[in-house]
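Let's work through a few exercises together, with the structure open beside you.

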Amino acid sequence: MAEVADHLFADVKGAPSGQPLYLRLRRAIEEAVDSGVLGPGDALPSERDIALQADISRVTVRKAVSDLVRSGVLVQRHGSGTFVAPRVERVEQSLSRLTSFTEDMARRGKTVRSQWLDRGVFTPSPDEMMVLGLAARELVVRMSRLRIADGTPLAIERACMSAAILPDPERIGASLYAALAETGHRPVRAVQRISAANLSGSDAELLEVPAGSAGLRIERISYLASGRVVEFTRSIYRGDAYDFVAELRLSAPADDNGVPA
């Protein structure tokens, strides 16, 4: 801890004048994390100790630390203190293959588990009726899960489908697609829409990131070979942990008649 304190306070006192003090402290902490002086899980000196030894106000310390908590560099644990946030290994997923989360993580050798948030059979909403092609008298299965790989929460999935396809959501184990395959309803293609999102307080808490952190919102509509919609899923992924990759190819040039040259 003494080495950490000396590093932080020397950097704050030695920073160019004219910079706001909270920015000097913020940059000193960031540099300590980047250089390994502070590692994942390490505790930061107390707010009082930093203020005393750096000869700055506790308000200044609090502002610098709050900025770093919001950006995900630090985490605060009530009653325990402030710590360097754990490093999250980024996951790269191809957009050219239709796979389940369980299959995708298993290929990477990761240990996968799900935390059920909700599941049951309900009356469909207007959106669900339209997307799934349901009549008002039909029922819909809804399920929400927190998806976790190697102990790190990566995504929240909220899926729905016709209860005629999967009448008992309790049958779903580790993989929804495996359960659908058992009934002959595994999708063969899907359309995905990906957009940027700032994570709300409840979603951020589940994903163990600060509220307002960057995330990815993904809507997937999956189809059977017959063309029937089998699944409608809205997911939220951690922006600091997921990369979606698509391979693009240059199409062959066409002549004036539209025939490839």
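**Exercise 1. Find which strand supplies the largest share of the lining of the largest cavity.**

Solution. Keep in mind that this is a predicted model.
- Start with the elements that each supply at least two residues of the lining: helix H5 (101-107), S5, strand S6 (152-162), helix H7 (176-182), strand S8 (214-223), strand S9 (229-238) and strand S10 (242-245).
- Now look for the largest share: S9 gives four residues.

**Exercise 2. Describe the largest cavity: its volume, its lining and the classes of its lining residues.**

Solution. 
- The count comes to one cavity of 30 Å³ or more.
- The largest cavity has a volume of about 270 Å³.
- Its lining is made of 23 residues, and those nearest the centre are Thr99, Phe101, Glu157, Arg220 and Tyr237.
- Sorted by class, the lining holds nine nonpolar, eight polar and six charged residues.

**Exercise 3. Work out the order of the strands in the open sheet, and name its edge strands.**

Solution. 
- Remember that strands of a sheet pair through backbone hydrogen bonds, either parallel or antiparallel.
- Here six strands follow the order S4-S5-S6-S9-S8-S7, and their pairing is antiparallel.
- Strand S4 (112-122) and strand S7 (189-198) each pair on one side only, so these two are the edge strands.
- Neighbouring strands of this sheet are turned by 15 degrees against each other on average, direction ignored.

**Exercise 4. How many bridges join S4 to strand S5?**

Solution. 
- Locate S5 at residues 140-149; it runs antiparallel to S4.
- Ten bridges join the two strands.

Note on methods: Residues numbered from 1 in each chain as written. Predicted model: local features only at pLDDT ≥ 70, side-chain atom pairs only at ≥ 80, totals over all residues. Heavy atoms only, no water. Axes fitted to C-alpha atoms, helices over the stretch in contact; angles between N-to-C directions. 1 Å grid on protein atoms, 1.4 Å probe; cavity = no way out; pocket = protein on both sides within 12 Å on 5 of 7 lines; lining within 4 Å. Points joined across faces, edges and corners; volume = space filled by probe spheres on them. Nonpolar A, V, L, I, M, F, W, Y, C, P; charged D, E, K, R; others polar.
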